[in-house]
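Take a look at the fold before reading on. The paragraphs below walk through it step by step.

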Amino acid sequence: MIILISSCTKFGKNVTIKGRVVNPITGEGIPNAPVVMYRSTLDYPSGSKRVKETTTDSDGYFEISKASLSKCYLTCHVTEIGDYYPIGWEKKDNVPLFDAFTISVKKGKTMHADYYAVPYAFLQLDIHNISCQGSTDHFVLYAEGTQVDMGKSGLMIDEMGCYQFTASDHSKVPMGARYYRWEVTKNAVTTIFYDTIYLAEGEYKTYTINY
């Protein structure tokens with residue numbers, strides 16, 4: 001027993017992380033995703049060394065443990081197993097995030113953290129002024145965020161006159177709901193519209209706005 005206690009003290013406290021790599025839209029786990037633990041070190045140019053790794057099971061669950069004196073970090077390399085849009089860690093147990101994709105591991109306890117990612121879909125915009133009143137017509141389109149990232153919003157299009165636009169190809173975007181707002185000004189009257197579209201995994205969709 002004395003030897004065991006000495007060994008634990010020498011090699012550091014054990015760290016254990018349990019969680020799931022999951023599509024937050026469907027609730028489905030992502031199998032075979034690599035989950036990797038790193039520790040800080042000055043011996044490597046990157047400043048960190050890979051010390052332990054595992055992969056998620058058929059339902060996306062994982063558990064990883066390691067005895068370490070150094071500070072450890074956890075990442076998930078979900079893009080190595082398919083074409084996924086990585087959202088990042090959904091932290092639990094008040095664990096600090098260095099960024100969305102790197103989570104600090106607490107020593108001496110079991111912590112819980114889930115990693116979110118979604119597959120892609122494909123979207124093409126098709127916009128037409130079908131009742132043009134002249135050069136003073138004004139069309140403004142805003143992205144109001146998506147189901148997986150409400151923070152990514154802003155001005156997309158700001159055009160005057162008889163505006164017509166069809167994207168040359170479908171753009172790769174995360175699956176799920178996308179929220180739009182557009183403003184149309186004709187004859188000095190501005191009307192505001194809102195719409196939500198949903199794209200399933202792998203779906204190709206053309207979104208048309210006739211104004």
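Residues are numbered from 1 along each chain as its sequence is written, and side-chain values use heavy atoms, with hydrogens and water left out.

Start with confidence. pLDDT is the predictor's confidence in each residue, from 0 to 100. The protein averages 86, and 84% of the residues score at least 70. Residues 1-11 have pLDDT below 50. Beyond near neighbours in sequence, this stretch has 6 contacts in the model (contact means heavy atoms within 4.5 Å). Where pLDDT is low, the predicted coordinates should not be read in detail.

Now the make-up. The protein has 1 helix and 16 strands. These are DSSP runs, numbered from the N terminus: helices are H or I with at least four residues, strands E with at least two. Of the contacts with a separation of 6 or more, 68% join residues 24 or more positions apart. Of the 211 residues, 40% count as buried. Buried means under 20% relative accessible area, exposed over 50%, and partly exposed in between (1.4 Å probe, protein chains only).

Turn to an open sheet of 4 strands. Its order is β11-β10-β14-β15, with antiparallel pairing. Two strands pair if DSSP finds at least two bridges between them. β11 (154-160) and β15 (189-199) each have a single partner strand, so one side of each is left without a neighbour in the sheet. β10 (residues 138-146) pairs with β11 over 6 bridges. Within that pairing, Tyr142 has Leu155 of β11 as its bridge partner.

Which residues have the most contacts inside the largest nonpolar core? They are Val21, Leu74, Val78 and Trp89, in a core of 22 residues. A nonpolar core is a set of buried Ala, Val, Leu, Ile, Met, Phe, Trp, Tyr and Cys residues joined through side-chain atoms within 4.5 Å. Elements giving two or more residues to this core include β1 (14-22), β5 (72-76) and β9 (110-128). The largest share, 4 residues, comes from β9. Leaving aside neighbours within four places in sequence, Val78 touches several residues, among them Val21, Ile30, Pro86 and Tyr115. A second, separate core has 17 residues, including Ala121, Val173, Ile209 and Tyr211.

Technical notes. Predicted model: local features only at pLDDT ≥ 70, side-chain atom pairs only at ≥ 80, totals over all residues.
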